[in-house]
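Colleague: Please take one part of this model and go through it closely. I would like the packing of one pair of elements and the segment that joins them, with the cut-offs behind each term.

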Amino acid sequence: MTAPFLSLAQILNRLALTARWILRDHQPTPCGRCPICHTADCAVATAARNVLEATRRMRWGDPVQQQAATDPAAPDHDEPRQAG
Ligand SMILES: [Zn+2]
């Protein structure tokens, strides 16, 4: 449905809107199962959450990466912590 004349912001908006529709449809029942997929771990809802997270990062940036880029004294999370 996305046409080439849409801006990136419009495409991101449509992706986020569609992901929210999917999350609403695949919202687990009180017993924890998806009412459409009938599974406890709905892959469709997980994909929709990933799309929302990706669109949020595209709009606002990744706060972890921004913190590391602006603060050179920030500790590197990959380094092992020293005991003691
Ligand atoms: Zn589902």
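Modeller: α1 passes α2 in a left-handed crossing, a term for the near helix being turned anticlockwise from the far one by less than a right angle, with clockwise counted as right-handed. This is a predicted model, in which local features need pLDDT of at least 70 and side-chain atom pairs count only at pLDDT 80 or more, while totals for chains, interfaces and linings use all residues. Residues are numbered from 1 along each chain as its sequence is written.

Two packed helices are described by the angle between their axes and the distance between the axes. For α1 and α2, the axes come within 9 Å and cross at roughly 150°. That makes α1 roughly antiparallel to α2. Axes here are lines fitted to C-alpha atoms, for helices over the stretch in contact, with angles from 0 to 180 degrees between N-to-C directions. Angles under 35 degrees count as roughly parallel, over 145 as roughly antiparallel, 65 to 115 as roughly perpendicular, and the rest as oblique.

From α1, the residues L12, L15, A16, A19, I22 and L23 meet V44, A45, A48, R49, V51, L52, T55, M58 and R59 of α2. Contact requires C-beta atoms, placed from the backbone, to lie within 7 Å. The residues of this contact divide into twelve nonpolar, one polar and two charged. In that division Ala, Val, Leu, Ile, Met, Phe, Trp, Tyr, Cys and Pro are nonpolar, Asp, Glu, Lys and Arg are charged, and the others, Gly among them, are polar.

A45 lies in helix α2 and is buried, because 21 other C-beta atoms lie within 10 Å. The cut-offs are 20 or more other C-beta atoms within 10 Å for buried, 12 or fewer for exposed, and partly exposed in between, again with C-beta atoms placed from the backbone. Neighbours within four places in sequence aside, A45 is in contact with I22, L23, H26 and C34. A45 and A19 are 26 residues apart in sequence, and their C-alpha atoms are 8.3 Å apart.

L8, in helix α1, has 9 other C-beta atoms within 10 Å and is therefore exposed. L8 and M58 are separated by 50 residues in sequence and by 9.7 Å, C-alpha to C-alpha.

Now the joining segment. C34 is in the loop between α1 (8–25) and α2 (43–60); helices (H or I, at least four residues) and strands (E, at least two) are DSSP runs numbered from the N terminus. C34 has 18 C-beta neighbours inside 10 Å, so it counts as partly exposed. Beyond four places in sequence, C34 touches H26, P28, T39, C42 and A45. C34 and V44 are ten residues apart in sequence, with C-alpha atoms 9.6 Å apart.

H38 lies in the loop between α1 and α2 as well. Because H38 has 9 C-beta neighbours inside 10 Å, it counts as exposed. Phi of H38 is near 60°, a positive value in a residue other than glycine.

As for α2, its 18 residues should span 26 Å at 1.5 Å a residue, and its end C-alpha atoms are 26 Å apart, which agrees; the expected span is 1.5 Å times one less than the number of residues. G61 follows α2 and has a positive phi, near 85°.

Conventions
Contact = placed C-beta atoms within 7 Å.
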